[in-house]
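Open the model in your viewer and keep the sequence panel in view. This tour says what to select at each stop and what is there.

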Amino acid sequence: MNGETTTMANVLAVLTSGRRSGFTSRLLDAAAEGAGSIQGVRVDVVHTHGFSFGPCVSCFECVREPESACILDDDMGRRGEGALYRRIAAANALLIGDAVHNWSPSASARLFIERCYPFLWNGALKGMPSATVSCASNQGMQRLARAELCKWLFGFRTRYVGGVAAHVAYFNRAGQQAREVGAALGRAALADAEEGRRAWDDPECFEYYVRHAPWDPLDCYIENLTDGTLDPGASVMVQALAAGTFDNAEARELLEMAQSQFVHTFELYQAGDRAGAARSLAEASAYWTHATWLEFLEPDVIGTAQPQAYRPLPATGDGPKEQGPR
Ligand SMILES: Cc1cc2nc3c(=O)[nH]c(=O)nc-3n(C[C@H](O)[C@H](O)[C@H](O)COP(=O)(O)O)c2cc1C
């Protein structure tokens with residue numbers, strides 16, 4: 001890599017395949033090599049199996065005190081001092097190399113992502129460049145696995161630079177793709193280090209994923225909010241209001257706002273304006289998220305208000321905003 005230049009940016013390359021030296025690790029190394037070929041970028045390759053951490057126990061302490069991170073006494077916890085957690089927090093970019101398991105990402109990758117939960121509440125990964133390598137060697141479904149990893153990284157609002165869906169049947173080509181994605185990630189990491197994290201708001205992030213990512217939130221979110229009907233008149237917001245399941249008056253108001261923004265989203269979606277629909281959806285989903293938080297999470301699960309960094313409400317907060325084509 002670039003021994004003679006000052007290291008300015010750090011890419012954390014996380015191997016989640018069980019095999020420390022296998023197909024996945026070779027592709028991750030190729031991506032790491034691409035990132036390290038960018039002057040000023042240093043790559044730190046870690047193997048999750050070499051760290052000690054288990055599943056999230058749903059204590060929600062990280063939500064109550066976003067700055068204290070996870071309280072579990074392991075490498076993803078220790079109030080932000082866990083060895084692996086610290087590396088993520090200090091990185092300028094995140095690269096995940098994972099083996100395809102059961103047509104999906106592996107359980108190790110899932111576990112790693114699950115334990116990143118505190119970053120949802122402190123917002124520290126918002127705008128962080130990210131990339132993935134999914135490697136299959138049998139039936140495949142590497143594209144499904146890549147989409148899933150991308151979805152998880154969207155959840156943290158990272159800036160997904162690219163992902164390789166690899167099968168060992170075309171290993172050499174995948175290696176070249178990994179180098180290219182790695183180089184793009186290295187460049188983004190350098191910008192992150194030099195210019196600071198380029199934060200983005202949810203509408204910008206939603207639109208970016210709709211335009212550029214192998215997974216985007218639009219279709220699945222619309223399917224989910226309409227409860228599978230693709231009819232905004234039968235949305236979960238409409239159902240909740242009709243069923244009287246929301247007691248909190250403020251939450252009901254937020255439901256109304258979510259519904260009204262969602263109707264607008266759906267119009268754009270039907271008109272084929274996916275980018276505009278994505279931006280509008282970001283706002284509808286923020287109203288919906290806040291409504292459920294107020295009604296269910298705050299009183300019954302967590303006991304505190306929604307952290308500011310998490311799915312912020314639109315600035316005006318006065319009803320559906322026009323999100324035109326961009
Ligand atoms: C539990 C398990 C499930 C797997 N499921 C799939 C699969 O759905 N599709 C596939 O092509 N390979 C599957 N494989 C093979 C792995 O993807 C294979 O180990 C990987 O592609 C090669 O990377 P590695 O050298 O890092 O192990 C599976 C392996 C394991 C251990």
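Helices here are DSSP runs of H or I with at least four residues, numbered from the N terminus. With that in hand, note that the model is a predicted one.

**Stop 1: two backbone angles**

Select Ala69, in the loop between helix H2 (61-64) and helix H3 (83-90). Its phi is near 55°, a positive value in a residue other than glycine. Is Ala69 buried or exposed? Buried means under 20% relative accessible area, so Ala69, at 3%, counts as buried.

Next select Leu230. The loop that holds Leu230 runs between helix H9 (217-225) and helix H10 (236-243). Leu230 is not a glycine, yet its phi is positive, about 55°. Leu230 has 46% relative accessibility and counts as partly exposed.

**Stop 2: a pair within helix H2**

Side chains of opposite charge can pair when their charged atoms come close. How many salt bridges does a search of the whole structure find? The search finds 14 salt bridges, and the next stops visit some of them.

Select Arg64 and Glu61 together and show their side chains. They form a salt bridge, with the closest N and O atoms 2.8 Å apart. Where do the two residues sit relative to each other? Arg64 and Glu61 are three residues apart in helix H2, so about one helical turn separates them. Arg64 is partly exposed at 30% relative accessibility, and Glu61 is partly exposed at 26%.

In sequence, Glu61 and Ile302 are 241 residues apart. In space, their C-alpha atoms are 8.3 Å apart.

**Stop 3: Glu81 and Arg86**

Move on to Glu81 and Arg86. Their side chains meet in a salt bridge, at 3.7 Å from N to O. Glu81 is exposed, with a relative accessible area of 52%, whereas Arg86 counts as partly exposed at 44%.

**Stop 4: a link between two helices**

Select Arg274 and Asp219. A salt bridge joins their side chains, at 2.8 Å from N to O. Which parts does this pair tie together? Arg274 lies in helix H12 (residues 274-302) and Asp219 in helix H9, so the pair ties together parts that are 55 residues apart in sequence. Arg274 has 29% relative accessibility and counts as partly exposed. Asp219 is also partly exposed, with 34% relative accessible area.

Now select Asp73, Asp75 and Arg78. Salt bridges that share partners join these three residues into one network.

**Stop 5: a nonpolar patch**

For a closer look, pick Met141, in the loop between strand S5 (129-136) and helix H6 (142-155). Met141 is partly exposed, its relative accessible area being 34%.

**Stop 6: the cavities**

Rolling a probe the size of a water molecule over the atoms shows where empty space is left. How many cavities of 30 Å³ or more are there? The count comes to two.

Begin with the largest cavity, which holds about 120 Å³ of space. Which residues are the closest to its centre? Of the 14 residues that line the largest cavity, the closest to its centre are Cys56, Cys59, Cys62, Cys70 and Tyr117. Select these five to find the place. By class, the lining of the largest cavity has 10 nonpolar residues, one polar and three charged.

Finish at the second largest cavity, with a volume of about 40 Å³. To show its lining, select Phe119, Leu120, Gly123, Lys126, Gly155, Phe156, Arg157, Ala309, Tyr310 and Arg311. How does this lining divide by class? The lining of the second largest cavity has five nonpolar, two polar and three charged residues. In this classification Gly counts as polar, a point to keep in mind when you colour Gly123 and Gly155 in this lining.

Definitions and conventions: Residues numbered from 1 in each chain as written. Predicted model: local features only at pLDDT ≥ 70, side-chain atom pairs only at ≥ 80, totals over all residues. Heavy atoms only, no water. Buried < 20%, exposed > 50% of the residue type's maximum accessible area, 1.4 Å probe, protein only. Salt bridge = Lys/Arg side-chain N within 4 Å of Asp/Glu carboxyl O. 1 Å grid on protein atoms, 1.4 Å probe; cavity = no way out; pocket = protein on both sides within 12 Å on 5 of 7 lines; lining within 4 Å. Points joined across faces, edges and corners; volume = space filled by probe spheres on them.
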